[in-house]
Amino acid sequence: MKYNGEEVISAGWSPEENNIYERSIEFIWDLIDVCNYNCSYCSVGFWSPDKNQESSFFSDNNIRNTWKRVVIPKLKLHTIPQFAIDLLGGEPTLHPDIVEIISELEQIEKSVDIMLTTNMTKPEKFFEQLINTKVQVVP
């Protein structure tokens, strides 16, 4: 799936034969094109003036709510095999619906692994609400 000409969701089969998720598909979901830092070593490139432009994410509800209308319903399709998903960004914890998104992903039976890759800048209280979820926080 593309947003502003860039891939925001990609998928592929897990390549490791001895992986416990051998029959899982792996999704990488760029939830948001906003980051609260501009680190020079960022692999996404938010340090670059070309990448770190004004985002329309917070001003466009259509973009912001795509996860409800498109992504979650597609992941619930019976034709999707079990899957692992990595929530990325920008900084995914800046998404105003991140906790609800994680909750929705947990309710999908075929969701075997949820990873949240974050810069850990949210307050500790934010991360405490993820303790009893299936999500793995990856700093």
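I began with a definition: a residue is buried under 20% relative accessible area, exposed over 50%, and partly exposed in between. I also reminded myself that this is a predicted model.

**Entry on Met120**

I looked up Met120 and found 38% relative accessibility, so Met120 counts as partly exposed. I located Met120 in the loop between β6 (111–117) and α4 (124–128). Then I checked its backbone: Met120 has a positive phi of about 60°, although it is not a glycine.

**Entry on helix α2**

Next I turned to α2, which covers residues 66–75. I listed its buried residues as Thr66, Trp67, Val71, Ile72 and Leu75. Looking down the axis of α2, I saw these buried residues fall within an arc of 125°, so they line one face of the helix.

**Entry on aromatic pairs**

How many aromatic pairs does the structure hold? I counted 2.

In one of them, the ring centres of Phe27 and Phe83 are 5.6 Å apart and the planes stand at 80°, so I wrote the pair down as edge-to-face. Phe27 belongs to strand β4 (residues 25–30) and Phe83 to strand β5 (residues 83–88), so the pair ties together parts that are 56 residues apart in sequence. I found both Phe27 and Phe83 buried.

For Phe126 and Phe127, I read ring centres 5.0 Å apart and planes at 85°, so this pair is edge-to-face too. Phe126 and Phe127 are both buried. I also spotted the charged end of Lys122 over the ring of Phe126, 5.4 Å from the ring's centre.

Notes: Residues are numbered from 1 along each chain as its sequence is written. This is a predicted model: local features need pLDDT of at least 70, side-chain atom pairs count only at pLDDT 80 or more; totals for chains, interfaces and linings use all residues. Side-chain values use heavy atoms; hydrogens and water are left out. Buried means under 20% relative accessible area, exposed over 50%, partly exposed in between (1.4 Å probe, protein chains only). Helices (H or I, at least four residues) and strands (E, at least two) are DSSP runs, numbered from the N terminus. The arc is that of the directions from the helix axis to the C-beta atoms. Rings of Phe, Tyr and Trp (its six-membered ring) pair if their centres lie within 6.5 Å; planes under 30 degrees apart count as stacked, over 60 as edge-to-face and the rest as tilted. A charge sits over a ring if NZ of Lys or CZ of Arg is within 6 Å of the ring centre and within 35 degrees of the ring normal.
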